[in-house]
Amino acid sequence: MGRSAPDGFRCPVWSPPPLGITKINVDGSCLLDSSRMRVCGVFRGLDSKWILGFSGFVGLGDNLLAEIQAVYWGLKMAWDRGFRRISLESDARDVIQHLNFGGPIQVNSSQVFLDGVRELLRRPWEVTLRFSPRETNKAADWPARDGARTASSPVVLDSPPPEVVSRLLIDDLGL
């Protein structure tokens, strides 16, 4: 699915989860000049409306570690909040592919968070991990990239920040 571009190419768009599933779009980023990492996530249901979100600084590292931590925080927050049927999407193809199928991934400082993700995945719940292109991850992409400059640990967001509201509307409209 997606909208048509002038050349006939179909641009991907965000799609709501199936009935009974909560979709979590996550993203992690790292500022190259300071190595500051930020993660964020957006929880939405069938109606594509905001359920909750999270955003915050998670230390120093690289983009791979930030993306792994985004998956970790999304799963941890889902479990802690009682969500038991989720579809988690990330634009980090290598991370999602590694978690779903194994295979090589640069682990160094990421290993502890990969182990944390694996532990969360072993719990009694229904979790689907999917790659999602950046174009379908807009609501999670903005806070991660922009927010890497702040110093707060991840916090729960009960309502969307004003800067994210327009991105949610774009998703709702399939643009």
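Biologist: In this predicted model, which residue of strand β6 is the bridge partner of Asn25?

Modeller: The partner of Asn25 is Glu89 in β6. Strand β3, residues 22–30, pairs with β6 in the parallel sense, over five bridges.

Biologist: Which residue of β7 is the bridge partner of Ser87?

Modeller: Thr128 of β7 is the bridge partner of Ser87. Strand β7 covers residues 126–131, and six bridges join β6 to β7, the two running parallel.

Biologist: How many residues of β6 are buried?

Modeller: In a regular strand, side chains alternate between the two faces of the sheet. Strand β6 spans residues 85–90, and five of its six residues are buried, so this strand is largely enclosed by the rest of the structure.

Biologist: Let us turn to a helix. How should one read the length of α5?

Modeller: Helix α5 has 12 residues, 162–173, and at 1.5 Å a residue it should span 16 Å; its end C-alpha atoms are 18 Å apart, which agrees.

Biologist: Which residues of α5 are buried, and which are exposed on the other side?

Modeller: An α-helix has 3.6 residues a turn, so residues three or four places apart point the same way. In α5, Val164, Arg167, Leu168 and Asp171 are buried. Viewed down the helix axis, these buried residues fall within an arc of 105°, so they line one face of α5. Pro162 and Leu173 are exposed on the other side.

Biologist: Is Ser48 buried or exposed?

Modeller: Ser48 lies in the loop between β4 and β5. Its relative accessibility is 9%, so Ser48 counts as buried. Apart from neighbours within four places in sequence, Ser48 is in contact with Trp14 and Asp172.

Note on methods: Residues numbered from 1 in each chain as written. Predicted model: local features only at pLDDT ≥ 70, side-chain atom pairs only at ≥ 80, totals over all residues. Heavy atoms only, no water. Helix = DSSP H or I, 4+ residues; strand = E, 2+ residues; numbered from the N terminus. Expected span 1.5 Å × (residues − 1). Buried < 20%, exposed > 50% of the residue type's maximum accessible area, 1.4 Å probe, protein only. Arc of directions from axis to C-beta. Pairing = 2+ DSSP bridges. Contact = heavy atoms within 4.5 Å.
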